[in-house]
Amino acid sequence: MPLKGGMIQGGAFVGCSRLVRIDLIGGIHDFVSSLHLEVWRNTMKAEISRINVDLPLINVGEVDKTRVIQEWMQSVLDRTEHYKGEHYALLKEGMTILELAVWRAKIVEAEAEKERDDNDDDKSTAAISSVSLEENLSEKLEIDIDNDGDNKWRFRQRQRGKSLANVVIQNVLPYLMCTKLDHD
């Protein structure tokens with residue numbers, strides 16, 4: 001059975017004593033396997049299989065199986081929406097961190113290159129550590145850009161563009177996205 005809200009109407013399964021198992025078809029299983037946190041995958045698998053534990057225990061004369069199935073389907077759909085939102089929030093945070101890391105690496109690289117050029121001019125062979133570059137990065141940027149905040153911002157934007165973080169993110173992002181459900 002596909003997972004769609006409102007698909008089952010009325011008392012479709014009233015008196016169906018032989019209905020003891022439901023297997024979902026469609027993209028729900030791909031969606032669950034694409035979730036990045038194991039606890040989310042396990043929770044979704046448990047919620048999906050819960051109906052097959054509950055259905056055989058339902059006394060047909062007392063409880064309408066249609067209502068139980070509808071509530072279960074809505075519960076699964078609600079959880080998918082919740083995890084999808086959580087997934088995209090983590091993805092957005094990860095993209096920001098990735099962009100900043102690539103950008104920072106390019107700025108440090110540009111600073112190291114400038115230091116090497118300065119050292120070549122001075123005929124100095126002193127080693128440059130990335131730690132010292134990182135600690136002095138803001139100080140060096142202010143010196144290199146004539147202490148003008150607007151120029152500093154433009155320099156950082158140029159370095160950001162040179163970092164090609166947008167290319168990296170564009171090529172990494174498709175592998176991090178959740179698989180779409182059939183009802184999307």
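Read from start to end, the protein chain of this predicted model runs α-α-α-α-α-α. That is six helices and zero strands. The chain has 184 residues, of which 28% are buried. Among contacts with a separation of 6 or more, 75% join residues 24 or more positions apart. The chain exposes about 11,700 Å², and carbon and sulfur atoms supply 52% of that area.

Confidence comes next. The mean pLDDT of the chain is 75, and 65% of the residues reach 70 or more. Among the elements, helix α2 has the highest mean pLDDT, 94, while helix α4, residues 130-144, has the lowest, 46. Over residues 123-135 the pLDDT is below 50, and this stretch has 13 contacts in the model beyond near neighbours in sequence. Residues 137-146 also have pLDDT below 50, with 16 contacts counted in that way.

Now consider the interior. In soluble globular proteins, nonpolar side chains tend to be buried together. Here the largest nonpolar core has 23 residues, and Ile 28, Ile 69 and Trp 72 touch the most other members. Helices α1, α2 and α3 are the elements that give two or more residues to this core. Helix α3 provides the largest share, seven residues. Leaving out residues up to four places away in sequence, Ile 69 touches Ile 8, Phe 13, Leu 19, Ile 22, Ile 51 and Leu 55.

Met 7 sits in the segment before α1, which spans residues 28-34. Is Met 7 buried or partly exposed? Its relative accessibility is 36%, so Met 7 counts as partly exposed. The C-alpha atoms of Met 7 and Gln 70 are 8.4 Å apart, although the two residues are 63 positions apart in sequence.

Leu 37, Val 39 and Leu 90 make a nonpolar surface patch of about 250 Å². Val 39 belongs to helix α2, and its relative accessible area of 53% makes Val 39 exposed.

The last topic is charge. Side chains of opposite charge can pair when their charged atoms come close. The structure holds six salt bridges. One of them joins Asp 23 and Arg 21, at 3.1 Å from N to O. Asp 23 is partly exposed, with a relative accessible area of 45%, and Arg 21 is exposed at 52%.

Another salt bridge joins Glu 47 and Arg 79, at 3.7 Å from N to O. Glu 47 lies in helix α2 and Arg 79 in helix α3, so this pair ties together parts that are 32 residues apart in sequence. Glu 47 has a relative accessibility of 8% and therefore counts as buried, whereas Arg 79, at 32%, is partly exposed. Beyond residues up to four places away in sequence, Glu 47 touches Trp 72, Ser 75, Val 76 and Arg 79.

Arg 50 and Asp 54 form a further salt bridge, their closest N and O atoms being 3.1 Å apart. Both residues are in helix α2, four residues apart, or about one turn of the helix. Arg 50 is partly exposed at 31% relative accessibility, and Asp 54 is partly exposed at 25%. Glu 47, Arg 50, Asp 54 and Arg 79 are linked in a network of salt bridges.

Terms used
Residues are numbered from 1 along each chain as its sequence is written. This is a predicted model: local features need pLDDT of at least 70, side-chain atom pairs count only at pLDDT 80 or more; totals for chains, interfaces and linings use all residues. Side-chain values use heavy atoms; hydrogens and water are left out. Buried means under 20% relative accessible area, exposed over 50%, partly exposed in between (1.4 Å probe, protein chains only). Contact means heavy atoms within 4.5 Å. Accessible areas come from the Shrake-Rupley method with a 1.4 Å probe; for residues, only the protein chains shown count as cover. Patches are made of residues with over 30% relative accessible area and no salt bridge: like charges are joined within 9 Å, nonpolar side chains (Val, Leu, Ile, Met, Phe, Trp, Tyr) within 5 Å. A salt bridge is a side-chain nitrogen of Lys or Arg within 4 Å of a carboxyl oxygen of Asp or Glu. pLDDT is the predictor's confidence in each residue, from 0 to 100. A nonpolar core is a set of buried Ala, Val, Leu, Ile, Met, Phe, Trp, Tyr and Cys residues joined through side-chain atoms within 4.5 Å.
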